[in-house]
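Hello,

Here is the structure I promised to pass on. Please open it first, then read my notes below.

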Amino acid sequence: MTTTITQSQDLMSSPVLNVRGLRKTYRGVVALKGVDFDLMPGEIHGLCGENGAGKSTLVKILGGLVAPTEGEITVDGAAFKGRTDPRLISIVHQELSIIPDLSVLDNVLLGDQSIGEFLFRGRYRAAIRRQLDDIGLSHVDLDQPARELGLAEQQLIEIARGGSMRACSSRRSTMAPTLPRPSLTSSTARRWRRRASCRMRSLRRTT
């Protein structure tokens with residue numbers, strides 16, 4: 001038991017994400033230069049800047065969509081000098097990728113490579129139900145078509161999809177939304193932050 005607690009404490013005190021010397025150029029144009037930062041478990045960072053400052057470029061590099069020109073990224077102790085593993089950092093893009101005629105459940109599971117060729121929905125219902133409850137979608141039916149949801153609810157489905165993919169990884173991972181969505185109301189955002197904070201406090205108590 002002591003060993004388990006010590007390992008859990010070590011996980012909480014070490015960075016989930018470590019970036020050093022990140023640089024990206026496009027045909028001589030410098031998009032990013034000298035980016036260094038650490039992301040600790042439970043932290044939420046906001047990236048601000050003018051158009052063309054490199055915000056989206058950084059997020060794409062972190063998500064493995066673009067390879068950096070220079071620098072190193074470490075995710076939960078695993079170093080990536082090229083592209084990162086997309087399963088470790090989920091990107092929630094500004095543009096919605098919801099399939100309107102698919103169910104909520106199918107939209108959350110969309111793109112999850114761990115599922116395989118056949119989808120047995122019953123295996124995932126309980127886990128996805130808990131995940132939607134955690135982000136404030138307890139009122140949403142898993143079987144209803146996604147087109148019946150509002151924009152804010154659809155954005156939260158995108159977030160749940162990223163969380164579903166991260167949950168399939170044995171390593172700690174993180175999520176990076178590209179740009180803030182006006183469809184997320186302030187009350188929805190506050191509810192999401194409160195639930196995330198409660199989960200982090202619960203995790204710390206168990207360690």
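**What I found**

The protein has six helices and six strands. Along the sequence they run α-β-β-α-β-β-β-α-α-α-β-α. Keep in mind that this is a predicted model.

**Confidence**

The mean pLDDT for the protein is 75. A score of at least 70 is reached by 66% of the residues. Strand S1 (residues 17–26) has the highest confidence, with a mean of 92. Helix H1 (residues 2–13) has the lowest, with a mean of 48. Two stretches call for care. In residues 1–9 the pLDDT is below 50, and this stretch has three contacts in the model beyond near neighbours in sequence. Residues 167–172 also have a pLDDT below 50; here the model shows 17 contacts beyond near neighbours in sequence.

**Overall picture**

The protein has 207 residues, and 39% of them are buried. Its exposed surface comes to about 12,200 Å². Carbon and sulfur atoms supply 52% of that surface. Now take the contacts with a separation of 6 or more: 64% of them join residues 24 or more positions apart.

The largest nonpolar core has 19 residues. Which of them touch the most other members? They are Val104, Val108, Ile128, Leu132, Ile135, Leu137 and Ile157. A second core is separate and has 18 residues, including Leu22, Leu32, Leu58 and Ile91.

**Helix H2**

Helix H2 covers residues 55–62 and is mostly covered itself. Six of its eight residues are buried. These are Lys55, Thr57, Leu58, Val59, Ile61 and Leu62. Leu58 is also one of the residues in the second core. Glycine 64 follows H2, and its phi is positive, near 80°.

**Arginine 23 and strand S1**

Arginine 23 is in strand S1. Is arginine 23 buried, exposed or partly exposed? It counts as partly exposed, because its relative accessibility is 23%, and buried would need a value under 20%. Leaving out residues up to four places away in sequence, arginine 23 touches Val30, Leu32, Lys33, Pro68, Thr69 and Glu70. Of these, Leu32 is listed in the second core. Arginine 23 and glutamate 72 are 49 residues apart along the chain, with 9.4 Å between their C-alpha atoms.

Look at lysine 24 too. Its charged end sits over the ring of tyrosine 26, 5.0 Å from the ring's centre. As for aromatic pairs, the count is zero.

**Glutamine 144**

Where is glutamine 144? It lies in the loop between H4 and H5. Glutamine 144 is buried, because its relative accessible area is 17%, under the 20% cut-off. Apart from neighbours within four places in sequence, glutamine 144 is in contact with Leu102, Ser103, Val104 and Leu149. Val104 is one of the residues that touch the most other members of the largest core. From C-alpha to C-alpha, glutamine 144 and valine 104 are 6.1 Å apart, though 40 residues separate them in sequence.

**Where to start**

Begin with the two cores, of 19 residues and 18 residues. Then turn to arginine 23 in S1 and glutamine 144 in the loop between H4 and H5.

Best wishes

Terms used
Residues numbered from 1 in each chain as written. Predicted model: local features only at pLDDT ≥ 70, side-chain atom pairs only at ≥ 80, totals over all residues. Heavy atoms only, no water. pLDDT = per-residue confidence, 0-100. Helix = DSSP H or I, 4+ residues; strand = E, 2+ residues; numbered from the N terminus. Contact = heavy atoms within 4.5 Å. Phe/Tyr/Trp six-rings, centres within 6.5 Å; stacked < 30°, edge-to-face > 60°. Lys NZ or Arg CZ within 6 Å of the ring centre and 35° of its normal. Buried < 20%, exposed > 50% of the residue type's maximum accessible area, 1.4 Å probe, protein only. Areas by Shrake-Rupley, 256 points an atom, 1.4 Å probe, with all protein chains shown as cover. Core = buried A, V, L, I, M, F, W, Y, C linked by side-chain atoms within 4.5 Å.
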